[in-house]
Amino acid sequence: MSDNRKRIEAYIIKKLQAVNGRIVGLSNKLNYKGDSVFQSKVFLVGVSVFISVLLWAFVALDGNSDAARTVSADIKYINLPRGFSIYAPAKKAELKLVGKINMLSSVQPSDIVAEVDLANLQPGKYNLPIRLEAPSFARIRSWQPSVAEVEIYRHVERTLTITPKTEGTAPEGMVVSSVKLDPDSAVISGPENDVLAVQGLEAAVQLDKLDADGKMKAQVIIRTAAETQLVGPSQNSRLSVSPTETNAAVAFENEIVGERIPVKVSVVGQPQEGLQVESIKVIPDSVSIRGRSTAVKKMQSLVLPPVDISGLDQNIQLMIPMQPAEIDPDVEITGTDRARVEIRLSKKMSAKTFTNVPLIVEGAEPGKEWKVSPHGVSITIEGPQLAIDSLGGSSSAPCELYIDVSNIVTKQMELPVLVKNLKKEFQVVQIEPEQVLVTAVDD
(Lines give C-alpha, C1' and ligand atoms only; values in the text may rest on other atoms or scores of the structure.)
Protein backbone atom coordinates (compact mmCIF):
# COMPACT_ATOMS: atom_id res chain seq x y z
CA MET A 1 0.00 0.00 0.00
CA SER A 2 1.36 3.40 -0.99
CA ASP A 3 2.11 6.21 1.47
CA ASN A 4 -0.52 8.40 -0.27
CA ARG A 5 -3.22 5.81 0.31
CA LYS A 6 -2.32 5.55 4.00
CA ARG A 7 -2.56 9.31 4.42
CA ILE A 8 -6.02 9.36 2.77
CA GLU A 9 -7.32 6.53 4.99
CA ALA A 10 -6.02 8.26 8.12
CA TYR A 11 -7.74 11.47 7.03
CA ILE A 12 -11.13 9.71 6.41
CA ILE A 13 -10.98 7.88 9.75
CA LYS A 14 -10.21 11.13 11.52
CA LYS A 15 -13.19 12.84 9.88
CA LEU A 16 -15.54 9.93 10.64
CA GLN A 17 -14.44 9.98 14.27
CA ALA A 18 -15.22 13.70 14.37
CA VAL A 19 -18.69 13.06 12.86
CA ASN A 20 -19.36 10.31 15.36
CA GLY A 21 -18.37 12.62 18.22
CA ARG A 22 -20.82 15.26 17.01
CA ILE A 23 -23.59 12.70 16.79
CA VAL A 24 -22.96 11.59 20.35
CA GLY A 25 -22.92 15.21 21.54
CA LEU A 26 -26.15 15.94 19.74
CA SER A 27 -27.80 12.91 21.25
CA ASN A 28 -26.83 14.12 24.71
CA LYS A 29 -28.43 17.51 24.04
CA LEU A 30 -31.64 15.96 22.75
CA ASN A 31 -31.87 13.43 25.53
CA TYR A 32 -35.10 13.43 27.38
CA LYS A 33 -37.13 10.98 29.37
CA GLY A 34 -36.92 7.86 27.38
CA ASP A 35 -34.28 6.78 24.90
CA SER A 36 -32.87 9.23 22.33
CA VAL A 37 -33.30 8.37 18.66
CA PHE A 38 -29.52 8.85 18.17
CA GLN A 39 -28.82 6.24 20.84
CA SER A 40 -31.06 3.61 19.40
CA LYS A 41 -29.58 0.40 18.05
CA VAL A 42 -31.08 1.00 14.62
CA PHE A 43 -29.35 4.35 14.27
CA LEU A 44 -25.93 3.03 15.42
CA VAL A 45 -26.12 0.09 13.00
CA GLY A 46 -26.91 2.48 10.18
CA VAL A 47 -23.92 4.66 10.99
CA SER A 48 -21.59 1.62 11.04
CA VAL A 49 -22.87 0.41 7.69
CA PHE A 50 -22.36 3.89 6.24
CA ILE A 51 -18.72 4.03 7.44
CA SER A 52 -18.00 0.54 6.07
CA VAL A 53 -19.39 1.49 2.68
CA LEU A 54 -17.18 4.58 2.57
CA LEU A 55 -14.02 2.58 3.44
CA TRP A 56 -14.85 -0.15 0.90
CA ALA A 57 -15.36 2.42 -1.82
CA PHE A 58 -12.04 4.09 -1.04
CA VAL A 59 -10.08 0.86 -0.99
CA ALA A 60 -11.72 -0.41 -4.21
CA LEU A 61 -11.07 2.88 -5.96
CA ASP A 62 -7.41 3.15 -4.72
CA GLY A 63 -6.63 -0.55 -5.38
CA ASN A 64 -7.31 -0.07 -9.10
CA SER A 65 -4.58 2.61 -9.44
CA ASP A 66 -1.16 1.83 -11.00
CA ALA A 67 1.93 1.42 -8.82
CA ALA A 68 5.52 0.10 -8.96
CA ARG A 69 7.25 -2.41 -6.72
CA THR A 70 10.76 -3.88 -6.53
CA VAL A 71 11.05 -7.65 -5.99
CA SER A 72 14.21 -9.71 -5.45
CA ALA A 73 14.23 -13.22 -6.95
CA ASP A 74 16.77 -16.05 -6.86
CA ILE A 75 18.56 -16.72 -10.17
CA LYS A 76 18.50 -20.38 -11.21
CA TYR A 77 21.20 -21.76 -13.51
CA ILE A 78 19.68 -24.62 -15.51
CA ASN A 79 20.84 -27.27 -17.99
CA LEU A 80 24.45 -27.39 -16.78
CA PRO A 81 26.31 -30.00 -18.90
CA ARG A 82 27.18 -33.16 -17.05
CA GLY A 83 30.62 -33.26 -15.40
CA PHE A 84 30.94 -29.47 -15.12
CA SER A 85 30.47 -26.88 -12.39
CA ILE A 86 29.91 -23.15 -12.54
CA TYR A 87 31.15 -20.05 -10.82
CA ALA A 88 28.48 -17.33 -10.95
CA PRO A 89 28.75 -14.28 -8.66
CA ALA A 90 25.15 -13.13 -9.43
CA LYS A 91 22.78 -14.96 -7.06
CA LYS A 92 19.71 -12.68 -7.18
CA ALA A 93 17.94 -10.46 -9.70
CA GLU A 94 16.26 -7.19 -8.69
CA LEU A 95 13.10 -6.58 -10.75
CA LYS A 96 10.97 -3.43 -10.89
CA LEU A 97 7.32 -4.46 -11.50
CA VAL A 98 4.45 -2.19 -12.63
CA GLY A 99 0.72 -3.01 -12.19
CA LYS A 100 -2.40 -2.51 -10.09
CA ILE A 101 -1.48 -1.82 -6.50
CA ASN A 102 -3.88 -4.39 -5.03
CA MET A 103 -2.40 -7.10 -7.31
CA LEU A 104 1.27 -6.16 -6.84
CA SER A 105 0.97 -6.42 -3.08
CA SER A 106 0.37 -10.15 -3.40
CA VAL A 107 3.49 -10.89 -5.52
CA GLN A 108 6.03 -13.11 -3.75
CA PRO A 109 9.69 -13.79 -4.84
CA SER A 110 8.66 -17.38 -5.61
CA ASP A 111 6.20 -16.03 -8.23
CA ILE A 112 9.12 -14.67 -10.30
CA VAL A 113 11.07 -16.86 -12.74
CA ALA A 114 14.76 -15.88 -13.21
CA GLU A 115 16.71 -18.46 -15.18
CA VAL A 116 20.02 -18.68 -17.05
CA ASP A 117 20.22 -21.47 -19.64
CA LEU A 118 23.61 -23.28 -19.73
CA ALA A 119 22.68 -25.91 -22.33
CA ASN A 120 25.42 -26.99 -24.80
CA LEU A 121 28.09 -24.68 -23.36
CA GLN A 122 31.77 -25.69 -23.12
CA PRO A 123 34.25 -24.64 -20.38
CA GLY A 124 34.91 -20.91 -20.47
CA LYS A 125 33.63 -17.52 -19.36
CA TYR A 126 30.29 -16.14 -20.63
CA ASN A 127 27.92 -13.18 -20.24
CA LEU A 128 24.50 -14.83 -20.55
CA PRO A 129 20.97 -13.33 -20.70
CA ILE A 130 18.63 -13.85 -17.77
CA ARG A 131 15.16 -15.12 -18.73
CA LEU A 132 12.57 -13.38 -16.55
CA GLU A 133 8.87 -14.09 -16.07
CA ALA A 134 6.40 -12.30 -13.82
CA PRO A 135 2.66 -12.94 -13.13
CA SER A 136 0.41 -11.88 -16.02
CA PHE A 137 -1.01 -8.90 -14.11
CA ALA A 138 2.48 -7.36 -13.66
CA ARG A 139 4.87 -5.87 -16.20
CA ILE A 140 8.68 -5.93 -15.82
CA ARG A 141 9.98 -2.41 -16.31
CA SER A 142 13.71 -3.00 -15.52
CA TRP A 143 16.04 -5.48 -13.84
CA GLN A 144 19.56 -5.80 -12.48
CA PRO A 145 21.95 -7.32 -13.38
CA SER A 146 21.29 -7.06 -17.09
CA VAL A 147 23.34 -10.22 -17.82
CA ALA A 148 24.83 -13.00 -15.70
CA GLU A 149 28.60 -13.52 -15.64
CA VAL A 150 29.23 -17.27 -15.65
CA GLU A 151 32.37 -19.40 -15.73
CA ILE A 152 31.94 -23.07 -16.61
CA TYR A 153 34.74 -25.40 -15.55
CA ARG A 154 35.55 -29.03 -14.99
CA HIS A 155 35.06 -29.89 -11.33
CA VAL A 156 37.82 -32.09 -9.89
CA GLU A 157 38.90 -33.34 -6.47
CA ARG A 158 42.36 -33.94 -5.06
CA THR A 159 43.54 -35.41 -1.76
CA LEU A 160 46.56 -33.77 -0.12
CA THR A 161 48.46 -34.30 3.11
CA ILE A 162 48.09 -31.53 5.68
CA THR A 163 51.35 -30.05 6.93
CA PRO A 164 51.32 -28.55 10.45
CA LYS A 165 52.56 -24.95 10.71
CA THR A 166 53.22 -23.79 14.25
CA GLU A 167 52.83 -20.13 15.16
CA GLY A 168 53.60 -18.32 18.38
CA THR A 169 56.16 -19.22 21.04
CA ALA A 170 56.61 -22.42 23.02
CA PRO A 171 56.73 -22.37 26.84
CA GLU A 172 59.98 -21.07 28.36
CA GLY A 173 62.82 -23.56 27.98
CA MET A 174 60.78 -25.89 25.75
CA VAL A 175 60.66 -26.65 22.04
CA VAL A 176 58.13 -28.45 19.87
CA SER A 177 59.17 -32.08 19.43
CA SER A 178 56.20 -33.26 17.34
CA VAL A 179 52.82 -32.20 15.96
CA LYS A 180 50.25 -34.85 15.09
CA LEU A 181 47.15 -34.09 13.02
CA ASP A 182 43.93 -36.09 12.95
CA PRO A 183 42.91 -36.26 10.14
CA ASP A 184 46.26 -35.67 8.44
CA SER A 185 44.82 -35.21 4.92
CA ALA A 186 41.95 -33.35 3.27
CA VAL A 187 40.16 -33.17 -0.07
CA ILE A 188 40.22 -29.98 -2.12
CA SER A 189 37.69 -29.49 -4.90
CA GLY A 190 36.90 -26.84 -7.47
CA PRO A 191 37.92 -25.76 -10.99
CA GLU A 192 40.54 -28.03 -12.52
CA ASN A 193 43.11 -25.28 -13.06
CA ASP A 194 42.67 -23.91 -9.54
CA VAL A 195 42.97 -27.34 -7.94
CA LEU A 196 46.15 -28.13 -9.88
CA ALA A 197 47.63 -24.78 -8.78
CA VAL A 198 47.39 -25.74 -5.11
CA GLN A 199 50.86 -26.33 -3.67
CA GLY A 200 49.73 -27.84 -0.41
CA LEU A 201 47.53 -27.75 2.66
CA GLU A 202 48.64 -26.46 6.03
CA ALA A 203 47.13 -26.43 9.50
CA ALA A 204 47.78 -23.27 11.52
CA VAL A 205 48.65 -24.45 15.05
CA GLN A 206 48.66 -21.56 17.52
CA LEU A 207 50.98 -22.58 20.38
CA ASP A 208 49.50 -19.97 22.71
CA LYS A 209 45.97 -21.39 22.21
CA LEU A 210 46.67 -25.01 23.17
CA ASP A 211 44.69 -26.51 26.00
CA ALA A 212 46.27 -28.13 29.07
CA ASP A 213 46.86 -31.35 27.09
CA GLY A 214 48.57 -29.51 24.23
CA LYS A 215 45.61 -29.91 21.84
CA MET A 216 43.49 -27.62 19.69
CA LYS A 217 41.37 -27.52 16.56
CA ALA A 218 43.42 -26.03 13.72
CA GLN A 219 41.99 -24.50 10.55
CA VAL A 220 43.05 -26.12 7.28
CA ILE A 221 44.35 -23.48 4.89
CA ILE A 222 45.15 -23.67 1.18
CA ARG A 223 48.49 -22.57 -0.28
CA THR A 224 48.27 -21.85 -4.02
CA ALA A 225 50.96 -21.20 -6.59
CA ALA A 226 49.44 -17.80 -7.40
CA GLU A 227 49.56 -16.64 -3.77
CA THR A 228 52.61 -15.69 -1.77
CA GLN A 229 50.65 -16.06 1.45
CA LEU A 230 48.29 -18.64 2.84
CA VAL A 231 44.59 -18.26 2.01
CA GLY A 232 41.68 -19.98 3.66
CA PRO A 233 38.73 -21.46 1.78
CA SER A 234 36.50 -18.59 2.86
CA GLN A 235 38.79 -16.20 0.98
CA ASN A 236 38.65 -18.24 -2.24
CA SER A 237 35.07 -19.27 -3.06
CA ARG A 238 36.20 -21.19 -6.14
CA LEU A 239 38.02 -23.76 -4.00
CA SER A 240 36.70 -25.76 -1.09
CA VAL A 241 38.43 -28.06 1.36
CA SER A 242 36.98 -30.87 3.45
CA PRO A 243 37.38 -31.09 6.35
CA THR A 244 37.99 -27.43 7.15
CA GLU A 245 39.51 -28.26 10.57
CA THR A 246 41.81 -30.90 11.99
CA ASN A 247 42.68 -31.95 15.54
CA ALA A 248 46.26 -30.98 16.42
CA ALA A 249 48.22 -32.54 19.29
CA VAL A 250 51.54 -30.87 20.15
CA ALA A 251 54.34 -32.47 22.20
CA PHE A 252 57.18 -30.47 23.79
CA GLU A 253 60.68 -31.33 25.03
CA ASN A 254 63.52 -29.52 26.72
CA GLU A 255 65.10 -27.01 24.38
CA ILE A 256 68.46 -28.40 23.22
CA VAL A 257 69.86 -26.88 20.06
CA GLY A 258 72.94 -27.39 17.94
CA GLU A 259 74.96 -24.76 16.15
CA ARG A 260 78.15 -24.50 14.12
CA ILE A 261 80.42 -21.61 15.02
CA PRO A 262 83.86 -20.45 13.77
CA VAL A 263 87.07 -21.38 15.63
CA LYS A 264 89.47 -18.52 16.32
CA VAL A 265 92.93 -18.31 17.87
CA SER A 266 95.01 -15.24 18.71
CA VAL A 267 98.74 -14.71 19.22
CA VAL A 268 100.81 -12.90 21.84
CA GLY A 269 104.32 -11.51 21.51
CA GLN A 270 106.18 -10.35 18.41
CA PRO A 271 108.17 -12.37 15.87
CA GLN A 272 111.81 -11.68 15.08
CA GLU A 273 112.63 -8.10 14.09
CA GLY A 274 111.70 -7.34 10.52
CA LEU A 275 109.03 -10.05 10.38
CA GLN A 276 105.27 -9.86 10.81
CA VAL A 277 102.34 -12.30 11.02
CA GLU A 278 100.90 -12.73 7.55
CA SER A 279 98.10 -15.21 8.38
CA ILE A 280 96.73 -17.50 11.09
CA LYS A 281 94.83 -20.55 9.89
CA VAL A 282 92.86 -22.92 12.12
CA ILE A 283 91.90 -26.41 10.92
CA PRO A 284 89.01 -27.13 11.30
CA ASP A 285 87.84 -23.53 11.00
CA SER A 286 84.44 -24.27 12.59
CA VAL A 287 83.05 -26.63 15.21
CA SER A 288 79.65 -27.95 16.30
CA ILE A 289 78.30 -27.11 19.72
CA ARG A 290 75.16 -28.30 21.46
CA GLY A 291 73.24 -27.19 24.51
CA ARG A 292 70.47 -25.01 25.85
CA SER A 293 69.46 -22.36 23.34
CA THR A 294 70.14 -19.41 25.64
CA ALA A 295 73.73 -20.55 26.20
CA VAL A 296 74.35 -21.54 22.58
CA LYS A 297 73.09 -18.20 21.26
CA LYS A 298 75.63 -16.36 23.42
CA MET A 299 78.56 -18.11 21.74
CA GLN A 300 79.40 -16.33 18.49
CA SER A 301 82.77 -18.11 18.12
CA LEU A 302 85.02 -20.62 19.88
CA VAL A 303 88.16 -18.75 20.99
CA LEU A 304 91.13 -21.01 21.75
CA PRO A 305 93.98 -20.01 24.11
CA PRO A 306 96.51 -17.62 22.46
CA VAL A 307 99.80 -18.84 20.91
CA ASP A 308 103.07 -17.18 21.98
CA ILE A 309 105.17 -16.20 18.91
CA SER A 310 107.84 -14.15 20.68
CA GLY A 311 111.06 -14.23 18.61
CA LEU A 312 109.56 -16.51 15.96
CA ASP A 313 111.62 -16.47 12.75
CA GLN A 314 109.81 -18.98 10.50
CA ASN A 315 106.41 -20.45 9.70
CA ILE A 316 105.12 -22.97 12.22
CA GLN A 317 102.35 -25.57 12.62
CA LEU A 318 101.17 -26.84 16.00
CA MET A 319 98.31 -28.86 17.51
CA ILE A 320 96.36 -27.38 20.40
CA PRO A 321 93.40 -28.78 22.39
CA MET A 322 89.93 -27.79 21.12
CA GLN A 323 89.15 -26.34 24.50
CA PRO A 324 88.41 -22.62 24.92
CA ALA A 325 89.60 -20.68 27.90
CA GLU A 326 85.96 -20.09 28.95
CA ILE A 327 82.84 -22.08 28.06
CA ASP A 328 79.32 -22.21 29.48
CA PRO A 329 78.70 -25.48 31.39
CA ASP A 330 75.40 -25.88 29.49
CA VAL A 331 77.31 -26.09 26.16
CA GLU A 332 79.30 -29.06 24.90
CA ILE A 333 81.67 -29.29 21.91
CA THR A 334 81.10 -32.15 19.48
CA GLY A 335 83.53 -33.55 16.94
CA THR A 336 87.35 -33.36 16.99
CA ASP A 337 89.14 -32.56 20.26
CA ARG A 338 92.24 -30.91 18.74
CA ALA A 339 92.87 -28.14 16.22
CA ARG A 340 95.86 -27.52 13.92
CA VAL A 341 97.09 -23.94 13.88
CA GLU A 342 99.24 -22.71 10.97
CA ILE A 343 101.05 -19.38 11.44
CA ARG A 344 102.73 -17.82 8.39
CA LEU A 345 105.26 -15.00 8.66
CA SER A 346 106.32 -12.43 6.09
CA LYS A 347 108.84 -9.64 5.96
CA LYS A 348 107.60 -6.46 7.52
CA MET A 349 107.25 -3.92 4.75
CA SER A 350 107.80 -0.18 4.81
CA ALA A 351 107.77 2.67 2.30
CA LYS A 352 109.79 5.83 1.72
CA THR A 353 109.33 8.82 -0.59
CA PHE A 354 112.17 10.69 -2.30
CA THR A 355 111.49 14.18 -3.70
CA ASN A 356 113.03 16.22 -6.48
CA VAL A 357 114.82 13.26 -7.97
CA PRO A 358 116.66 14.48 -11.14
CA LEU A 359 115.75 13.09 -14.54
CA ILE A 360 118.31 11.81 -17.04
CA VAL A 361 117.71 12.16 -20.79
CA GLU A 362 118.75 9.08 -22.76
CA GLY A 363 118.63 8.21 -26.46
CA ALA A 364 119.28 11.75 -27.75
CA GLU A 365 120.87 12.11 -31.18
CA PRO A 366 124.39 13.59 -31.23
CA GLY A 367 124.32 17.34 -31.21
CA LYS A 368 120.62 17.52 -30.23
CA GLU A 369 119.59 18.82 -26.83
CA TRP A 370 116.34 18.40 -24.94
CA LYS A 371 114.70 20.46 -22.24
CA VAL A 372 112.73 18.57 -19.56
CA SER A 373 109.92 20.14 -17.48
CA PRO A 374 109.86 19.60 -14.58
CA HIS A 375 113.50 18.79 -13.96
CA GLY A 376 112.80 16.50 -10.98
CA VAL A 377 109.97 14.23 -9.74
CA SER A 378 108.93 12.39 -6.57
CA ILE A 379 109.19 8.59 -6.22
CA THR A 380 107.84 6.32 -3.48
CA ILE A 381 109.38 2.88 -3.05
CA GLU A 382 108.39 -0.03 -0.84
CA GLY A 383 110.46 -2.87 0.57
CA PRO A 384 111.37 -4.82 3.69
CA GLN A 385 111.56 -2.59 6.70
CA LEU A 386 115.18 -3.49 7.37
CA ALA A 387 116.15 -2.62 3.80
CA ILE A 388 114.25 0.68 3.97
CA ASP A 389 115.86 1.46 7.33
CA SER A 390 119.28 0.76 5.80
CA LEU A 391 118.81 3.72 3.48
CA GLY A 392 119.06 5.92 6.54
CA GLY A 393 118.46 9.62 6.05
CA SER A 394 119.79 9.63 2.51
CA SER A 395 117.89 11.86 0.11
CA SER A 396 119.17 9.92 -2.92
CA ALA A 397 116.80 7.36 -4.35
CA PRO A 398 118.14 3.79 -4.68
CA CYS A 399 117.53 3.95 -8.42
CA GLU A 400 117.82 6.20 -11.48
CA LEU A 401 114.98 7.99 -13.28
CA TYR A 402 115.26 8.77 -16.96
CA ILE A 403 113.44 9.89 -20.13
CA ASP A 404 113.96 8.00 -23.39
CA VAL A 405 113.88 10.36 -26.40
CA SER A 406 114.94 7.76 -28.96
CA ASN A 407 113.20 8.11 -32.29
CA ILE A 408 111.32 11.25 -31.20
CA VAL A 409 110.73 13.39 -34.31
CA THR A 410 108.41 16.04 -32.91
CA LYS A 411 109.77 19.14 -31.20
CA GLN A 412 107.68 18.74 -28.10
CA MET A 413 105.75 15.90 -26.40
CA GLU A 414 105.04 14.23 -23.06
CA LEU A 415 107.04 11.11 -22.18
CA PRO A 416 106.79 8.66 -19.26
CA VAL A 417 109.31 8.64 -16.43
CA LEU A 418 111.26 5.35 -16.47
CA VAL A 419 113.17 3.57 -13.66
CA LYS A 420 116.43 1.61 -13.82
CA ASN A 421 118.98 0.12 -11.44
CA LEU A 422 116.38 -0.48 -8.66
CA LYS A 423 117.48 -3.10 -6.13
CA LYS A 424 115.49 -6.36 -6.15
CA GLU A 425 114.10 -5.97 -2.63
CA PHE A 426 112.39 -2.69 -3.57
CA GLN A 427 109.44 -1.91 -5.77
CA VAL A 428 108.04 1.38 -7.04
CA VAL A 429 104.74 2.39 -5.46
CA GLN A 430 104.24 5.80 -7.11
CA ILE A 431 105.93 8.37 -9.37
CA GLU A 432 104.61 11.94 -9.38
CA PRO A 433 104.21 13.11 -12.05
CA GLU A 434 104.22 9.97 -14.16
CA GLN A 435 104.90 11.95 -17.41
CA VAL A 436 106.97 15.08 -18.11
CA LEU A 437 107.08 17.56 -21.01
CA VAL A 438 110.16 17.18 -23.29
CA THR A 439 111.04 20.04 -25.71
CA ALA A 440 113.78 20.03 -28.36
CA VAL A 441 116.24 22.96 -28.00
CA ASP A 442 116.94 24.73 -31.29
CA ASP A 443 120.63 25.17 -32.23
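Predicted model: local features only at pLDDT ≥ 70, side-chain atom pairs only at ≥ 80, totals over all residues.

Tutor: Residues are numbered from 1 along each chain as its sequence is written, and side-chain values use heavy atoms, with hydrogens and water left out.

Student: Why is S346 called buried?
Tutor: Buried means under 20% relative accessible area, exposed over 50%, and partly exposed in between (1.4 Å probe, protein chains only). S346 has a relative accessible area of 18%, so S346 counts as buried.

Student: Where is S346 placed, and what does S346 touch?
Tutor: S346 belongs to strand β22 (residues 338-347); a strand is a DSSP run of E with at least two residues, numbered from the N terminus. Setting aside residues up to four places away in sequence, S346 touches G274, L275, Q276 and E278, where contact means heavy atoms within 4.5 Å.

Student: How do you know that β2 and β5 pair?
Tutor: Two strands pair if DSSP finds at least two bridges between them. β2 and β5 (residues 113-117) have 3 bridges in the parallel sense, and Y77 has V116 as its bridge partner in β5.

Student: What makes β2 and β7 edge strands?
Tutor: β2 (76-78) and β7 (131-133) each pair on one side only. The open sheet has 3 strands in the order β2-β5-β7, with mixed pairing.

Student: Which strands does β18 pair with?
Tutor: β18 (residues 286-292) runs antiparallel to β16 (residues 256-268), joined by 7 bridges, and antiparallel to β21 (residues 331-334), joined by 4 bridges. S288 is the bridge partner of R260, and T334 is the bridge partner of S288 in β21.

Student: What makes a set of residues a nonpolar core?
Tutor: The members are buried Ala, Val, Leu, Ile, Met, Phe, Trp, Tyr and Cys residues joined through side-chain atoms within 4.5 Å. The largest such core has 24 residues, and L359, I379, L401, I403, V417 and V436 have the most contacts inside it. A second, separate core of 23 residues includes F84, A93, L118 and L121.
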